[in-house]
Amino acid sequence: MISAGAQSTPVDTSDPAFPADFLWGAATAAYQIEGAVDVDGRTPSIWDTFSRTPGRTAGGDTGERATEHYHRYRQDVRLMADLGLGAYRFSVSWSRVQPTGRGPAVERGLDFYRRLVDELLEHGVEPAVTLYHWDLPQDLEDIGGWPARDTARRFADYAALVADALGDRVGLWTTLNEPWCSAFLGYGSGVHAPGRADWTAALHAAHHLNLGHGLAVEALRTTLPRDARIAVSLNLHEVRPLTRSAADHEAARRVDAVGNRVFTGPMLSGDYPADLISDTAHLVDWPELIHDGDLATISRPVDLLGVNYYTPTVVSAPPDGQAPDSAAASEAGHGDGAQSPFAGCGDLLFHRAPGERTAMGWTIDPTGLTDLLLRLHREHPGLPLLVTENGAAFDDRVTPEGAVHDPQRIGYLRGHLDAVRRAIAAGADVRGYFLWSLMDNFEWAYGYGKRFGLYYVDYPTQARIAKDSARWYAEVIRRGTLPDPGV
Ligand code: FCB
């Protein structure tokens with residue numbers, strides 16, 4: 001379990017510098033920035049359908065225009081170069097490359113990513129490709145989506161097409177982004193596309209995402225040059241029990257099982273944890289779901305583990321038989337769904353940790369990141385780690401002079417980068433940090449109201465404005481160390 005009740009480990013913090021070869025990056029995802037949803041052969045993904053469905057996103061926002069990155073990518077790569085980024089993590093839109101989710105690739109779709117990669121390389125920015133950041137082709141959802149086993153195979157075929165097109169120029173690959181969100185927000189609580197609320201479907205989706213990951217790793221290893229590095233990005237929950245009581249520890253164990261070990265178990269240790277199987281036996285016929293050979297496929301070794309972290313998760317058991325109301329699940333910070341996204345945990349209470357919060361309502365607690373990285377280091381020694389997402393939304397405003405002062409974001413980033421440094425000082429092998437996000441974008445069900453960017457996007461004009469945090473991050477990258485507070 002993730003440091004249930006543990007204090008952060010005291011470590012030597014005397015060396016303020018990051019390792020010389022530390023990778024400094026920023027991240028985005030296709031549906032959140034590209035726009036151009038019906039251009040060059042692209043067909044709808046589940047996020048097009050979901051966001052166009054009334055009531056699903058704040059203000060009815062969709063990714064139809066987003067930040068128009070599909071047409072403005074050259075300008076955006078210049079912004080990255082201005083920051084001095086070492087790497088840029090972006091995702092490929094499956095329905096741009098393979099509109100029905102099967103069959104040959106559409107070259108015009110792939111050409112966009114070829115152009116983007118060339119532009120990055122010309123500016124000295126290493127491309128880091130994520131193959132799947134939640135935008136399943138709608139055609140595949142219509143025949144079952146992730147709860148259907150065949151989707152895993154389709155994903156591996158798609159992975160091979162992208163690897164074939166970009167493998168000569170891209171050295172860092174991520175199969176899935178946050179499969180927990182795809183499975184449990186998409187099919188469990190229903191706050192993400194495709195918006196189903198069925199724990200059994202969600203657990204089936206989790207297994208098929210695991211399988212898709214393993215099959216994609218196999219496909220990538222066959223297609224890519226030998227020195228390509230392959231990762232998966234997981235949003236691992238730093239689960240903390242509200243009190244030291246045995247009941248709260250048991251609650252944290254259950255959330256850890258269905259929030260974390262449902263992925264790390266099969267991917268990194270070759271099996272589903274026994275407690276997860278027994279906790280969810282009333283929802284899933286696991287022996288039928290897991291076919292012979294699946295676990296060997298899912299546990300194909302990765303070169304790096306991507307870790308996405310924003311805030312800890314605090315959980316408790318309800319006092320004697322008191323049923324939680326539906327608001328209790330939303331306190332986990334994953335939106336108000338039809339039911340808890342944590343399958344089989346509908347009886348548990350979630351709490352916001354005390355302290356300052358971001359505009360998402362997420363408590364700012366960098367100790368969670370140190371603890372999470374150190375747990376992974378302990379449990380999976382020898383597996384290099386990469387922070388593939390971390391950042392914060394605040395209510396940014398442009399001043400009459402055209403500046404965006406965001407001291408709170410700088411504070412958040414400083415705290416979390418320091419947390420990474422502490423984990424490194426304590427022995428964790430953390431190779432890099434990708435800040436979420438390069439620029440403001442479509443924040444899923446929250447729409448455009450939540451701004452995570454280093455660059456402010458003025459949506460009516462699509463102007464990009466460097467926030468103070470952009471200059472601060474550029475300085476961190478330039479120095480390879482955290483500047484003194486006040487800089
Ligand atoms: C993560 C997602 C990313 C972004 C951040 C805020 O869960 O991977 O796309 O929405 O949260």
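Predicted model: local features only at pLDDT ≥ 70, side-chain atom pairs only at ≥ 80, totals over all residues.
## Confidence

For the chain, the average pLDDT is 95. A score of at least 70 is reached by 94% of the residues.

## Largest pocket

The volume of the largest pocket is about 620 Å³. Its lining consists of 38 residues. Nearest the centre of the pocket lie Leu185, Gly333, His334, Trp362 and Glu443.

Sorted by class, the lining of the largest pocket comprises 18 nonpolar residues, 15 polar residues and 5 charged residues. Leu185, one of the residues nearest the pocket centre, falls within the 179–185 range of helix 8.

## Cavities

Cavities of 30 Å³ or more number 5 in the structure. The second largest cavity has a volume of about 50 Å³, and 10 residues line it. Closest to the centre of this cavity are Leu236, Thr264, Arg375, Leu376 and Glu379.

Two helices, helix 10 and helix 15 (367–379), each contribute at least two residues to the lining of the second largest cavity. Helix 15 provides the largest share, with 4 residues. By class, the lining of the second largest cavity has 4 nonpolar, 3 polar and 3 charged residues.

## Packing of helices 9 and 10

Helix 9 spans residues 199–223 and helix 10 spans residues 246–269. Their axes come within 10 Å and cross at roughly 35°, and the crossing is right-handed. On the helix 9 side the contact involves Leu203, Ala206, Asn210 and His213. On the helix 10 side it involves Val258, Val262, Phe263, Pro266 and Met267. Of these contact residues, 7 are nonpolar, 2 are polar and none is charged.

## Asp275 and its contacts

Asp275 belongs to helix 11, residues 274–279. Which residues does Asp275 contact, leaving aside its neighbours within four places in sequence? The contacts are Arg253, Ala257 and Arg261.

Arg253 and Asp275 are 22 residues apart along the chain. The distance between their C-alpha atoms is 8.9 Å.

## Backbone exceptions

Most residues other than glycine have a negative phi, and most peptide bonds are trans. Several sites in this model depart from that pattern.

The peptide bond between Ala193 and Pro194 is cis, with omega about 5°. Pro194 sits in the loop that runs between helix 8 (179–185) and helix 9. A cis peptide bond also joins Trp436 to Ser437, where omega is about 15°. Ser437 is part of the loop between strand 11 (430–436) and strand 12 (455–458).

Ala66 has a positive phi, near 45°, although it is a residue other than glycine. The loop that holds Ala66 lies between helix 2 (46–52) and helix 3 (69–83).

Definitions and conventions:
Residues numbered from 1 in each chain as written. Heavy atoms only, no water. 1 Å grid on protein atoms, 1.4 Å probe; cavity = no way out; pocket = protein on both sides within 12 Å on 5 of 7 lines; lining within 4 Å. Points joined across faces, edges and corners; volume = space filled by probe spheres on them. Nonpolar A, V, L, I, M, F, W, Y, C, P; charged D, E, K, R; others polar. pLDDT = per-residue confidence, 0-100. Axes fitted to C-alpha atoms, helices over the stretch in contact; angles between N-to-C directions. Left-handed = near helix turned anticlockwise from the far one by under 90°. Contact = heavy atoms within 4.5 Å.
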